[in-house]
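The report below sets out where they lie and which residues surround them.

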Amino acid sequence: MTVDTGQELGGTIPRARVEDDAPRLEPMLDLEWSRAIDLPQTALAAATPAELRRAWVHRAPEDRVLALFRASAGMAGQIPAPWWLRAVADGTLDSREQGFRVEDRIAQLLGRRPGWEFVPWAADGESGYWEFMPSERGKSGHAIPTTVMNTDRHTGWIDVLPAHTGATPDPIAIAGLAGLRSRLGEIEAVR
């Protein structure tokens with residue numbers, strides 16, 4: 001009887017690793033970024049943008065947040081992120097705190113007005129948005145209500161998406177909080 005000892009395979013069996021051969025592990029930026037913007041379940045009940053600020057991107061030192069954002073965006077192209085972070089990274093907004101102030105001032109204005117509701121479950125990483133509920137299924141019969149959201153598209157930082165049914169219309173750029181305040185009558189007239 002002959003026993004095959006596998007000696008002819010000796011050249012294909014890998015040698016044992018030595019310390020210098022240890023695999024090099026690098027952070028998985030997409031996973032790290034996903035965790036950075038991840039919100040706890042309790043944040044989904046937020047009534048204002050301030051109550052939604054529970055992720056790492058809201059609390060960590062701003063320079064570290066910006067560095068991780070830039071590294072992650074450089075690897076994967078456009079990534080989910082708050083509007084204010086994209087604006088800070090582009091140099092059009094001075095700081096995260098300034099972005100928070102914009103959000104909070106909109107909340108102070110719309111939160112006191114009847115018919116406006118804050119929607120915290122926006123796209124991943126985003127800061128939520130405001131809907132004018134009387135514009136949905138009112139006399140006009142629109143299926144989607146008028147929406148106010150923050151944006152990094154322009155330095156007014158506010159877009160209004162008109163109430164609509166069917167294809168989504170282009171957002172209307174608003175010239176900051178003063179522009180929003182001055183146009184609220186027109187915005188709320190759609191019902």
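This is a predicted model: local features need pLDDT of at least 70, side-chain atom pairs count only at pLDDT 80 or more; totals for chains, interfaces and linings use all residues.

Residues are numbered from 1 along each chain as its sequence is written, and side-chain values use heavy atoms, with hydrogens and water left out.

**The cavity**

Rolling a probe the size of a water molecule over the atoms shows where empty space is left. On a 1 Å grid over the protein atoms alone, a cavity is a set of points where a 1.4 Å probe fits but cannot get out. The whole structure holds 1 cavity of 30 Å³ or more. Its lining is made up of I37, L39, P49, L52, R53, V57, H58, E103, G125, E126 and S127. Two or more of these residues come from each of α2 and α3. Helices here are DSSP runs (H or I, at least four residues), strands likewise (E, at least two), numbered from the N terminus.

**R53**

R53 sits in the loop between α2 (49-52) and α3 (56-59). Is R53 buried or exposed? R53 is buried, at a relative accessible area of 12%; buried means under 20%, exposed over 50%, partly exposed in between, with a 1.4 Å probe and protein chains only. Beyond its neighbours within four places in sequence, R53 is in contact (heavy atoms within 4.5 Å) with H58, F100, E103 and D104. A polar atom of the R53 side chain lies 3.2 Å from the backbone oxygen of F100.

**The pockets**

A pocket is an open set of points with protein on both sides within 12 Å along at least five of seven lines, and lining residues have an atom within 4 Å of a point. The largest pocket has a volume of about 270 Å³. I37, L39, A123, D124 and G125 are the closest to its centre among 17 lining residues.

The second largest pocket has a volume of about 190 Å³. It has 14 lining residues, and R86, E126, M149, N150 and T151 are the closest to its centre. α5 (83-90) and β3 (146-150) each give two or more residues to this lining.

**Linings compared**

Ala, Val, Leu, Ile, Met, Phe, Trp, Tyr, Cys and Pro count as nonpolar, Asp, Glu, Lys and Arg as charged, and the others, Gly among them, as polar. A volume is the space filled by probe spheres set on the points, which are joined across faces, edges and corners.

| Space | Volume | Lining residues by class |
|---|---|---|
| Largest cavity | about 70 Å³ | 5 nonpolar, 3 polar, 3 charged |
| Largest pocket | about 270 Å³ | 10 nonpolar, 3 polar, 4 charged |
| Second largest pocket | about 190 Å³ | 6 nonpolar, 4 polar, 4 charged |

Methods:
A polar contact is a pair of N or O atoms within 3.5 Å; within protein, one must be able to donate a hydrogen and the other to accept it, and residues adjacent in sequence count only if both atoms are side-chain atoms.
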